[in-house]
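Subject: Structure handover

Hello,

Here is the structure for your files.

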Amino acid sequence: MKIDELNFKPVEKQDSVIIEFGKFDSLEVIQEIDAKLMRIIPVELGNHDMHEIALDDSHGKFFTYGKNAEKLFKCMLPVLKDYHFLKEAMVHLNFTGGNKEREIDFKLSSVIAD
């Protein structure tokens, strides 16, 4: 079979919100955050695609995808700000709309009050 015969379907590009965090308390806390994010994000806005973590629990990332990275992040913020270990997390908003992609990166602590 030739690769041209595989009939790959085009994939619609989506915005993304990636939260990159450092040391955390336990896998249970990460799973708790995943569950909360999956509950609060409306289906029409996007979906939370869970996490990946290092084997030594030294760092990890949350992945969320949808139609508008800014709206997704604003929806996620009430959950994220409740966890102390996320305050120094890096937030990566990737926008795919229009004819070019752009990304905005910032620390979560820069948008939340102490």
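This is a predicted model: local features need pLDDT of at least 70, side-chain atom pairs count only at pLDDT 80 or more; totals for chains, interfaces and linings use all residues.

Residues are numbered from 1 along each chain as its sequence is written, and side-chain values use heavy atoms, with hydrogens and water left out.

Overall layout

The protein has 2 helices and 5 strands; helices (H or I, at least four residues) and strands (E, at least two) are DSSP runs, numbered from the N terminus. Read from the N terminus, the order of elements is β-α-β-β-α-β-β. Along the principal axes, the C-alpha atoms fill a box of roughly 55 × 30 × 25 Å. Of the 114 residues, 39% are buried, where buried means under 20% relative accessible area, exposed over 50%, and partly exposed in between (1.4 Å probe, protein chains only). Among contacts (heavy atoms within 4.5 Å) with a separation of 6 or more, 61% are between residues 24 or more positions apart.

The sheet

The 5 strands form an open sheet in the order β2-β3-β1-β4-β5, with antiparallel pairing; two strands pair if DSSP finds at least two bridges between them. β2 and β5 are the edge strands, each pairing on one side only. From one strand to the next, the twist averages 15°.

- β2 and β3 run antiparallel and are joined by 6 bridges; G46 has G66 in β3 as its bridge partner.
- β1 and β4 pair in the antiparallel sense over 5 bridges; the bridge partner of I19 is V91 in β4.
- β4 and β5 run antiparallel, with 6 bridges between them; M90 stands opposite K107 in β5.

β4 is mostly covered, with 5 of its 6 residues buried.

The helices

α2 lies across β1, β2, β3, β4 and β5 and runs at about 35° to β1. For such angles, axes are lines fitted to C-alpha atoms, for helices over the stretch in contact, and angles run from 0 to 180 degrees between N-to-C directions.

α2 covers residues 69-80, and its buried residues are A69, L72, F73, C75, M76, L77, V79 and L80. What covers these buried residues includes α1 (27-40) as well as β1 (15-21), β2 (46-53), β3 (60-66), β4 (90-95) and β5 (102-107). At the start of α2, a side-chain oxygen of N68 comes to within 3.0 Å of the backbone nitrogen of E70. This falls under the polar contact definition: a pair of N or O atoms within 3.5 Å, where within protein one must be able to donate a hydrogen and the other to accept it, and residues adjacent in sequence count only if both atoms are side-chain atoms.

Aromatic rings

There are 6 aromatic pairs in the structure. Rings of Phe, Tyr and Trp (its six-membered ring) pair if their centres lie within 6.5 Å; planes under 30 degrees apart count as stacked, over 60 as edge-to-face and the rest as tilted.

F21 and F24 form an edge-to-face pair, 5.7 Å centre to centre with 80° between the planes. F21 counts as buried at 3% relative accessibility, and F24 is buried with a relative accessible area of 3%. F21 also pairs with F62, in a tilted arrangement with 4.9 Å centre to centre and 35° between the planes. Because F21 lies in β1 and F62 in β3, that pair ties together parts that are 41 residues apart in sequence. F62 is buried, at a relative accessible area of 0%. Ring pairs link F21, F24, F62, Y83 and F85 into a cluster.

Elsewhere, R102 lies over the face of F95, 4.5 Å from the ring centre. A charge sits over a ring if NZ of Lys or CZ of Arg is within 6 Å of the ring centre and within 35 degrees of the ring normal.

Backbone details

M50, in strand β2, is not a glycine but has a positive phi of about 75°. M50 counts as partly exposed, at 33% relative accessibility. D57, in the loop between β2 and β3, is likewise not a glycine and has a positive phi of about 60°. D57 is partly exposed, with a relative accessible area of 24%.

Regards
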